[in-house]
Amino acid sequence: MRRWSTEDDGRKMALPLLRCCSCNRPVSILTRFLTSKPFLATQSRRLGPVASAVSDARQYSSDSERRRHEQKQKVVVVGIPNPFIWFRTRIYFFLIRAYFDKEFSIEEFTEGAKQAFSHVSRLLSQCQFEALEGLVAKDLIGKLEEKCAQLPVSHQRALSAESDEIMYTTTGDVGIYYDDSGRKYVSILMRFWYLTSARLPDESVEGAKIFQVVIGGEGERPETKRLLTANYEFQREFTQGVIPDWIITRIEHSKLLD
């Protein structure tokens, strides 16, 4: 199998030989996560500011939710991407639009990937491996089941990432490749930083940089959270006649699932 990615050394001139293809067959749940604009719009509204209330009770609830939202906004993770990697990935996004999917948008893909990451990580933390079928590659599900069975409950809980606890998301790597039979693939590695309130001993994350933040206001019990990282790789086959499904082929949670 031949592969080109953002880590290659210049053998990209052969990429124009790849032809884009179209397929009208049904898409999977994960594909809808990554491509559905109505779904993304709904999620955006759900995570937006709390609407104003029409009664005193609703106003009180709204104010309480707003205060908690503002407290969470005090936790800011600033990521500075490598300019060279950022430029290379943008070249690949252009190639994806030119030869595979004219409507591809990395902004929409990122929002969909965040929702897929939250959903899959929650299933992992609950050990619902059967529910991962169609979302995660079959060979990977078996490996995850073996690894999760060896994790203590606290570590399993730390795998789950709620949507509003994802602090930062970036593209790690992009690959375009095809095998000897002419099958064509695109893979995108996404990196996530998320907060968790799971109690983890310090020695369990040796070698990883862990931040502890205290969230809480006056009169409220402070809540300690940690910032963890995860890598999820999304892959899609663009061979003509193949169902256009994105599927997760790689899952890594730093010092939890390596």
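**View 1. Glu 162, a partly exposed residue in a loop.** In this predicted model, Glu 162 counts as partly exposed, with a relative accessibility of 36%. You'll find Glu 162 in the loop between H7 and S2. Set aside the neighbours within four places in sequence, and Glu 162 is in contact with Ser 118 and Arg 122. Have a look at Tyr 194 too: Glu 162 and Tyr 194 sit 32 residues apart in sequence, yet their C-alpha atoms are 8.2 Å apart in space.

**View 2. Arg 122 meets Glu 162 in a salt bridge.** Zoom in on the two side chains here, with 3.6 Å from N to O. This pair links distant parts of the chain, 40 residues apart. Arg 122 belongs to helix H5 (residues 106–125), while Glu 162 comes from the loop between helix H7 (153–158) and S2. Is Arg 122 buried, partly exposed or exposed? Arg 122 is partly exposed, at 27% relative accessible area, and Glu 162 counts as partly exposed as well. As a bit of background, side chains of opposite charge can pair when their charged atoms come close. Search the whole structure and you get six salt bridges; two others get their own views below.

**View 3. Lys 225 and Glu 165, a salt bridge between two buried residues.** The distance between these side chains is 2.4 Å, N to O. Here again the pair links distant parts of the chain: Lys 225 is in strand S5 (residues 223–237), and Glu 165 is in the loop between H7 and S2, 60 residues apart. What about their surroundings?

**View 4. Arg 183 and Glu 237 form a salt bridge.** The closest N and O atoms of this pair are 2.8 Å apart. Arg 183 sits in the loop between S2 and S3 and Glu 237 sits in strand S5, so the pair ties together parts that are 54 residues apart in sequence. Which of the two partners is buried, and which is partly exposed? Glu 237 counts as buried, at 12% relative accessibility, whereas Arg 183 counts as partly exposed, at 36%.

**View 5. Strands S2 and S3 side by side, in the antiparallel sense.** Follow S2 (residues 166–178) and strand S3 (residues 184–196) as they pair over eleven bridges. For a handy landmark, pick out Val 174, which stands opposite Ile 188 in S3. Why is S2 described as largely enclosed by the rest of the structure? Eleven of its 13 residues are buried, so the strand counts as largely enclosed.

**View 6. The turn of the S2 and S3 hairpin, with Gly 182.** Between the two strands of this hairpin there are five residues. Gly 182 takes a positive phi near 90°.

**View 7. A nonpolar patch on the surface, made of Trp 86, Phe 87 and Ile 91.** Together these residues have about 310 Å² of accessible area. Start with Trp 86, which lies in helix H4 (residues 83–99). How accessible is Trp 86? At 44% relative accessibility, Trp 86 counts as partly exposed.

Conventions: Residues are numbered from 1 along each chain as its sequence is written. This is a predicted model: local features need pLDDT of at least 70, side-chain atom pairs count only at pLDDT 80 or more; totals for chains, interfaces and linings use all residues. Side-chain values use heavy atoms; hydrogens and water are left out. Buried means under 20% relative accessible area, exposed over 50%, partly exposed in between (1.4 Å probe, protein chains only). Helices (H or I, at least four residues) and strands (E, at least two) are DSSP runs, numbered from the N terminus. Two strands pair if DSSP finds at least two bridges between them. A salt bridge is a side-chain nitrogen of Lys or Arg within 4 Å of a carboxyl oxygen of Asp or Glu. Contact means heavy atoms within 4.5 Å. Patches are made of residues with over 30% relative accessible area and no salt bridge: like charges are joined within 9 Å, nonpolar side chains (Val, Leu, Ile, Met, Phe, Trp, Tyr) within 5 Å. Accessible areas come from the Shrake-Rupley method with a 1.4 Å probe; for residues, only the protein chains shown count as cover.
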